[in-house]
Amino acid sequence: MKSSPARLERRCALLLLVFLSIAGKAADYQLALPGYHYQFPRDNFNHSAYRTEWWYYTGNVTSSSGHRFGFELTFFRQGISLEANRSPWYVHDLYMAHFALSDLSGHRYEHAERINRAGPGIAGIDAARQVIWNGNWRAHIGERSQQLQAITDAFGIDLSLASAKPLIVQGRGGISRKAAGIGHASHYVSLTRLLTSGSVRLNGADYRVTGTSWMDHEFFTGSMSSDESGWDWISLQFDNNTELMLYRMRHKDGTIDPFSSGSYVDASGRTTFLSASDFSMQPEDDLWMSPKTKGRYPLRWQISVPRFGLEGTVTTALRNQELTSKFGPSYWEGATVAAANQSGVSLHGVGYLEMTGYAAGAANTKFP
Amino acid sequence: MSHLSIFFRLIVRPMLRERARSLLMLSAVALGVAIVLAIDLAGDAAAGSFHSSLQALAGDDNFEVTADGGVPESIVGDLARLPWPIRVTPRIEDHATVAASGETIPLIGIDFIAQANDPDEVQLGAPNDTSIFDDINSPDAIWTTRSLSDRIGSTVTLVINDHKHAYTVRGFIPTSARFGGDVAVMDIDAAQRATGKAGRVDRILLKVPDQPGFAEWQQRLLAVLPAGVQLLPQGSETAANRRMLAAFRWNLRILSYIALLVGAFLIYNTVSVSVVRRRVEIGTVRALGACRRAVLLAFLAEAAIFGVAGTLLALPLGRLLADGAVRVLSTTVNALYVSSQPGTVGLSTGSVVMAFIVGIGVAVASALAPAREAALVPPTEAMARGRREYAIRVERGRDALLAFLLAIAAAFAARLPPVGGKPLFGYIAALLLVAASAFAIPALVTVLMPLLSAVLTKLLGVEALLAARSLGGSLRRTSVLVAMLSTAIAMMTAVGIMVGSFRQTVVIWMERQLPADLYLRPAGEPGGDRFPTIRPELADSIAMLPGIAAISRFRAYQIEYQGLPAILASVDLGPSQARDGTEFLSGRPSSVVLSQLDAGDSAIVSEPFANKHHVHTGDLLTLPMGVRAASFRVVGIFYDYGDEAGIVLLARSTMLRYLPDKAASSLAIYLAPGANLETARAEIRKAATGRDVLLLANGEIRRQGIRTFDQTFAITYALEAVAIIVAVLGIAGALISIVIDRRREFGLLRFLGAASSQIRRLILIEAGLIGILANIVGLALGYLLSLILIYVINKQSFGWTIRFHWPVSVLVAALSGVYLATVLAGLYPASIAQRLNPIEVIHEE
């Protein structure tokens, strides 16, 4: 692979092909460097000096009648140009969004994506109004709670999220590293336990639901290293009020990057950074092949965090949760459950699993 | 006797024998039908299948949001954020002129990024080809149809408004995209910049789900949209333009029926002649037992055969003529109505069926009266010795009364209002008048012939006397010939007077309307619905030049008002007020009305606008001006001949309050007293360096206006010419049959010592007499018809007041041309008569 490291990013599978070919010059943008001073609510919103930014919501909800759903709503921003141009139609950034609904009880997976320019209010991030939106998909990030609204012809959500834990900054020194070297990192914050209630609409039926969601917000300018091919990422919310996040960066040769990491949040909200030596996450031989992209995704994972006496198995109720993208690479992003054991106590967890770089034609394999 | 053998004896045999007559009838049907067909086909291609070329790349949307002067772009965001699964497609729609060819093409700006979301949208480039994004912020990137450029990366120079610029072709628009001709597409940002439409888009298309139904969606959307925009079903503009073009086509089609009407006279005459000539045969078959009905049917069958054969000839001929007509029509449609590229001329099943119906219908209908007469021929005819002369009684008194009643009916019909915007009764009045004149002609001939013969005998001698007697003797034949020619002349005269009056009215109007010394407009070709603009800075710098007293900025927007296209315009009142010659229907002086216009939310409207929308002085006009709707008090209705759709005119200061775009569509430049025109011109040219503008002196712009006017009526002239040709052909044919009919008479004359040159003279005088009679009747009828055209038909279809004017020189030239043609039409029959061998002819007796 001949590409410069800066042109590939962590989660780059989520970035459009077009992003790769037209993204603004990395040199114009700031790198995620240690020592960043976070300040909220400012840092909930836009960082246009960084080329890439996303707000990532995933969650598991259940209706009053026991119908189970998983959802993903993601807002992406990709910097194109920093030129001073006051036309609202001028493209400073491309805004993309992914929206998926996993009907775990009905064994259906629905997803949609969209791409827009800011235009005269078509998409964007407005710190004053506390909203991040792409057309009629929006996230309102209030001081105490957040609202998510998104609809398509076939499905929609209208959810209220209240954070049960304080926001955490992932990584160390204000950066979450993805590989060795300066700049292979992102500024990464998470809300690990968002108590969720609202409604889910699917094919004309409305469901009142409650559950738990997770939010990741990252901003950076190029983070993945050139020899990396993708990553696997797991978030889990256990029923003892603790949360776990783990990711591993995969090299093209099959090895795992030593900068893979994670975090553990205990019931009181205290966060512990987990380096690669602190945990293991191993796929088991339960592969699902995507009929669309021919990607082969491992759907059963063994995890263990010896420091906290935690080990378990992550599985999913719905095998096809691959988000196939029209513009760019496809990836698997789905609701999961975990059966775990912590120091002899059995735990149940719900969460999301994300696997990128498996689909044929993924950006990082096709585009140098 | 079988019908077949009757048909053979009565029809086929004579038909083959009298080839000239058959040919004549055939060409009458063929020419008449060909003209009707050609106009129909050309009209279809130029206007009928009209689909706004600005709809290029539009999808299967349900609604469109528009506003006068453009939709504020913030509404795009507002609509995109609505919590409904709707597709929102903003568009910039304008025109560009290709510098190389001078062709004006639609320029469409679309949001390339949002466009990518829709799998159904037209793909620019290969499927999933995202290279379209590479040039997303490039102001020079365009996508074109393949006919505009040959390769990606080449440049195409376009004139947009007052700016000429080389754009780089980044890709091609697939031919599957829904539009007629060439088109250029840009990203919405580049298009907005290129057209200077900051802050506004021209149209927002909306696609809503099928549920919960169109009406419910309409209500929902209306509830969230500001009052300043209109929500219409998609394609409304196309529909509005179609409605306007329908009226134009309707009038054109009526005009094409003139040739057919003249052809009908010709057929009537030809069949009448042939009935007379076949009296012996008719008598014979009757004596052999054929019933009257069989005879009637035989003649009608003959007409039908001519109808079919003539139509078969008319199909290729009409198709050919249509190709020529479509160019002319398309020019008119573009100049007066809407930017469009003509479609291809094609014979549809419908048009072929229509041609046959018209062809057979006209032939049979025209033959009906003579065929009935044939059926009345008694069997004894066959027993009669020798041939009977062509002389049938004409009930002059009854016909004159009928003519009088028809004329009264015509006068009555002329006073009726239009039906659905179409001057139906006006045309009926015209038709009634033509019929009235046809019935009045026998009486007129009886009155005029003795007078003419007295004068002519003195001037031309004995041949004139014989000619006059002959014509007077066969009154009906003469009447039909005169009716035919005079109808054609009347149509020509009427249209001539109407166009002449219109032209004169426009000339006078332009003198009043164009008081400035110089006019500046963008080089981008303006048209009925497009008004390229001049950057405001240029106008400002011209105003500052030495020698310039003042400039007046005129700005026009294409709008839709009550389902019809119209123009919303504004003008600087200050500079022009002193020299303004605008005339108002109320007769109030323009200075008074214009000072009212200057104050508050006032408007003046043009006469066509007032007529189309039933607007009176004092009414309130409510227009969607973007965010809010605005109401304007109508303070006057002005005469205007510049635009058929109609104009709503505001003071510039009023307009800028609602539409802050300062660019002007044209500038009127007033020189300071004593300033030199050429010096000023040079100064302005210098100021306009780098801008693509046209600077026209007052006289030049008037000449240009008249040129457009003449272009518009070119097709009218062509139709008139065909009607005249058909009529003159008819005269020639009729004279041939007269010669053949009167072989015995001519033979006898020769036998009695007349020189062959005298026979020739006799026939030419007869032709000349018919010409004179037809000219007199035609001129009188034409005058009356022109009144209907000017005061009823034009007023009702276009809404403008034309002041009557005799285009003397045009009429004199045209009428003498027709007269000369009539006399010349006698040359061939005369030479036939000359060649008659008197011995042989007498021997036949």
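How many helices and strands does chain A have? Chain A has 2 helices and 25 strands, where helices (H or I, at least four residues) and strands (E, at least two) are DSSP runs numbered from the N terminus. The structure is a predicted model, in which local features need pLDDT of at least 70, side-chain atom pairs count only at pLDDT 80 or more, and totals for chains, interfaces and linings use all residues. Residues are numbered from 1 along each chain as its sequence is written, and chains are lettered from A and ligands numbered from 1 in the order in which they are written.

The model scores ipTM 0.90 and pTM 0.81. For chain B the mean pLDDT (the predictor's confidence in each residue, from 0 to 100) is 83, and 93% of the residues reach 70 or more. Within chain B, confidence is highest in α3(B), at 96, and lowest in helix α27 (residues 838–844), at a mean of 68. Residues 385–392 of chain B have a pLDDT below 50; this stretch has 10 contacts in the model beyond near neighbours in sequence. Two residues are in contact if their C-beta atoms, placed from the backbone, lie within 7 Å.

The C-alpha trace of chain A spans about 60 × 45 × 45 Å along its principal axes. Buried residues account for 55% of the 368 residues in chain A. A residue is buried if 20 or more other C-beta atoms lie within 10 Å of its own, exposed if 12 or fewer, and partly exposed in between, with C-beta atoms placed from the backbone. Of the contacts in chain A between residues at least 6 apart in sequence, 60% join residues at least 24 apart.

Strand β13 (residues 205–220) of chain A is largely enclosed by the rest of the structure, because 12 of its 16 residues are buried. Two strands pair if DSSP finds at least two bridges between them. Strand β1 (residues 52–63) of chain A runs antiparallel to β13(A) and is joined to it by 12 bridges, with Ser213(A) as the bridge partner of Gly59(A). Strand β12 (residues 185–202) of chain A is also antiparallel to β13(A), through 14 bridges, and here His187(A) has Phe219(A) as bridge partner. β12(A) and β13(A) form a hairpin with 2 residues between them, and Asn203(A) in the turn has a positive phi of about 50 degrees.

Gln130(A) is located in the loop between β5 (123–126) and β6 (131–134) of chain A. This residue counts as partly exposed because it has 17 C-beta neighbours inside 10 Å. Neighbours within four places in sequence aside, Gln130(A) is in contact with His140(A), Ile141(A) and Gly142(A).

Chain B contains an open sheet of 9 strands with mixed pairing, in the order β16-β17-β15-β18-β14-β13-β19-β12-β20. β16 (620–625) and β20 (693–697) of chain B stand at the edges with a single partner strand each, so one side of each is left without a neighbour in the sheet. Strand β12 (residues 518–522) of chain B pairs with β20(B) in the antiparallel sense over 5 bridges, and Leu520(B) has Leu695(B) as bridge partner.

Between the chains, 27 residues of chain A are in contact with 25 residues of chain B. On the chain B side, α3 (74–80), α4 (112–115) and α5 (188–195) each supply at least two residues, and α3(B) gives the largest share, 5 residues.
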